[in-house]
Amino acid sequence: MKAREAAAMWIAGFQVLSLLGTKQMCSAEQVQNAVLTVGTSTAGMDGAFVVDVCLEQLPDTGLEALEFAISYDAEALSITEAELLYDTGAEKAQLLAYPELTESVFTSSDNREGILSVRWATILQNADYWLTEEQPFLRLRGVLKDSMPKGTGTELKIVPPTDLPGNAGISAGYLDEANTVHRCDVIVNNGIVWKPIDETGAFMYGDVNLDGEIAISDAVLLQRVIAEESFLSAAAYANADCEPDGVLDLRDISLICRFVLESGTGNIV
């Protein structure tokens, strides 16, 4: 098949894939769910941040196409780079198989108004070049605005592609050799970028599990960390050091519990 014909077949199939609703599946074999997760990150004192978008679950068949967008508050941050981390070799193999095809496997575009569009798709029928592994998929780099208050966070949300109807979901699935579209539902976990309070990297003392709240569950997690039953990221460690003195101990747990009992919400500082 010539590159142009292959591209036309793929585009037609992918458009069908895109237009199916989030709860609709094709009449062929049902494809499992996939999970897309944006990580939680703390910016540096200069406002620069790095956050990964990860594939945490994939169907056994793998994905030949994945298209979504990331919504963010353009008044709180700007995204400077979207780097593909998951290289299946599809870009090179597709170019060799279809040298006339100019369409790239991975594309991203930022409208600078709060939407970053992302698409990964190949016309290769060899599933060895599809997305099949649970791993970081995309790395976002950006900068928080100076106007954003310290100790606050701004959300990065995974949303459907912006050029689709309102009832359409995130596009994911594959096109088989019979030109049948197999669609995969996508479960999303959104992320937050926090602006630190100071150079320690803490953004909310007491928020050990990085969910934006202070609760007894944070004290329980810290107790497990102190008992060496669990480990913390750098941001979580900074939040857990409530005094702060560089050491995690029972005094930090006591501060979290006292705060929860006295107010139930807010920041310890």
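**Close-up views of a predicted model**

**View 1. Helix 3 and helix 5 are roughly antiparallel to each other.** In this predicted model, helix 3 covers residues 216–226 and helix 5 covers residues 250–262. The packing angle is about 170°, and the axes lie 9 Å apart. From helix 3, the contact draws on Ile216, Asp218, Ala219, Leu222, Gln223 and Ile226. Helix 5 brings Leu250, Asp252, Ile253, Ile256, Cys257 and Val260 to meet them. Sorted by class, the contact holds 9 nonpolar, 1 polar and 2 charged residues.

**View 2. Glu243 and Pro244 are joined by a cis peptide bond.** Omega for this bond is about -20°. Most peptide bonds are trans, so this one deserves a look of its own. To find the spot, go to the loop between helix 4 (234–240) and helix 5, where Pro244 sits.

**View 3. Arg112 has a positive phi without being a glycine.** Its phi is near 65°. Most residues other than glycine have a negative phi. You will find Arg112 in the loop linking strand 6 (106–110) and strand 7 (115–121). With a relative accessibility of 54%, Arg112 counts as exposed, because the cut-off for exposed is over 50%.

**View 4. Leu210, also not a glycine, has a positive phi of about 60°.** Leu210 belongs to the loop between strand 13 (191–194) and helix 3. Is Leu210 buried or exposed? Its relative accessible area is 16%, so Leu210 is buried, given that buried means under 20%.

How values were computed
Residues numbered from 1 in each chain as written. Predicted model: local features only at pLDDT ≥ 70, side-chain atom pairs only at ≥ 80, totals over all residues. Heavy atoms only, no water. Axes fitted to C-alpha atoms, helices over the stretch in contact; angles between N-to-C directions. Helix = DSSP H or I, 4+ residues; strand = E, 2+ residues; numbered from the N terminus. Parallel < 35°, antiparallel > 145°, perpendicular 65-115°, else oblique. Contact = heavy atoms within 4.5 Å. Nonpolar A, V, L, I, M, F, W, Y, C, P; charged D, E, K, R; others polar. Buried < 20%, exposed > 50% of the residue type's maximum accessible area, 1.4 Å probe, protein only.
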